[in-house]
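I opened this model with my notebook beside me. Here is what I looked up, in the order I went.

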Amino acid sequence: MKCLMTLILLTLFSINTAFSQQVSPLWKDFEEAKAKHQIPVLPDFSFAGYHFSERPLPNLLNHKYFDVTQFGAIPNDDKFDDEGIQKAINTAQEYNKPAVVFFPSGKFLFAPDE
C-alpha cells in the first residue's frame, strides 16, 4: 500500500511539474516587454465571444454548413488556405439563406490582402 501511495504521489508531482513548465506565449510577450521597459500589453478576453458573451449563441442546427475543407482548405499543412476559405465564403453568400462557414479543428493559414 505504501508503494502505491508513493507511486500516486510521484505521478501527481510529474503531472503538476509538466503543466507548471508550460507558459503562454502572451505571458512571454508581456514579460519581455516589461524587461525591455516597453509598455506591456496583456489582452483582455473578458468580453470575447458572441455579443460579448452577453447573449446566448443562436441555434444554427437548421443552417446549411459550408465546410472550408470541401473547398480546398487543408488544416495543418503549412500552406495558405485563402483560396479554399474564400470559395466557401462566396458559396455561402450565393446560397442567400442563413449559412455557416465551418472550420473543423486544425490550423488554417491565411494571408491578409497586400
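**Asp81**

I began with a charged residue that lacks a partner. Asp81 is buried but has no salt bridge; I count a residue as buried under 20% relative accessible area, as exposed over 50%, and as partly exposed in between, with a 1.4 Å probe and protein chains only. A salt bridge here requires a side-chain nitrogen of Lys or Arg within 4 Å of a carboxyl oxygen of Asp or Glu. For charge, Lys and Arg are positive and Asp and Glu negative, while His and the chain ends are not counted. The nearest side chain of opposite charge to Asp81 is Lys79, 9.2 Å away.

Where does Asp81 sit? I find Asp81 in the loop between strand E1 (64-67) and helix H3 (82-95). Helices (H or I, at least four residues) and strands (E, at least two) are DSSP runs, numbered from the N terminus. Leaving out residues up to four places away in sequence, Asp81 touches Ala73, Ile74, Lys107, Phe108 and Leu109, where contact means heavy atoms within 4.5 Å.

**Ground rules**

I note that this is a predicted model, in which local features need pLDDT of at least 70 and side-chain atom pairs count only at pLDDT 80 or more, while totals for chains, interfaces and linings use all residues. Residues are numbered from 1 along each chain as its sequence is written, and side-chain values use heavy atoms, with hydrogens and water left out.

**Salt bridges**

Next I asked which charged side chains do pair. Side chains of opposite charge can pair when their charged atoms come close. My search of the whole structure finds two salt bridges.

One joins Lys34 to Glu31, with the closest N and O atoms 3.8 Å apart. Lys34 and Glu31 are three residues apart in helix H2, so about one helical turn separates them. Lys34 is partly exposed at 41% relative accessibility, and Glu31 is partly exposed at 32%.

Lys87 and Glu83 also meet in a salt bridge, at 3.4 Å from N to O. Both residues lie in helix H3, four residues apart, which is about one turn of the helix. Lys87 is partly exposed with a relative accessible area of 40%, whereas Glu83 counts as exposed at 57%.

**Aromatic rings**

How many aromatic pairs are there? I get five, pairing rings of Phe, Tyr and Trp (its six-membered ring) if their centres lie within 6.5 Å; planes under 30 degrees apart are stacked, over 60 edge-to-face, and the rest tilted. For Phe66 and Phe71 the centres are 6.4 Å apart and the planes stand at 50 degrees, so this pair is tilted. Phe66 is buried at 6% relative accessibility, while Phe71 is partly exposed at 21%.

Phe66 also pairs with Tyr95: the ring centres are 5.7 Å apart and the planes are at 65 degrees, so I log this pair as edge-to-face. Because Phe66 lies in strand E1 and Tyr95 in helix H3, the pair ties together parts that are 29 residues apart in sequence. Tyr95 is partly exposed, with 33% relative accessible area. Ring pairs link Phe66, Phe71 and Tyr95 into a cluster.

I also checked Asn90, found in helix H3. Asn90 is partly exposed at 32% relative accessible area. From C-alpha to C-alpha, Asn90 and Phe66 are 10.0 Å apart in space and 24 residues apart in sequence.

**Surface patch**

Which residues make a nonpolar surface patch? I list Val23, Leu26, Trp27, Leu42 and Phe45, covering about 470 Å². Patch residues have over 30% relative accessible area and no salt bridge; like charges are joined within 9 Å and nonpolar side chains (Val, Leu, Ile, Met, Phe, Trp, Tyr) within 5 Å. Leu42 is found in the loop between helix H2 (25-35) and E1, and is partly exposed at 44% relative accessible area.

**The chain as a whole**

I finished with totals. The protein chain has three helices and two strands, running α-α-β-α-β from the N terminus on. Of its 114 residues, 11% count as buried. Among contacts with a separation of 6 or more, 58% are between residues 24 or more positions apart. The chain exposes about 10,000 Å², with carbon and sulfur atoms supplying 61% of it; accessible areas come from the Shrake-Rupley method with a 1.4 Å probe, and for residues only the protein chains shown count as cover.
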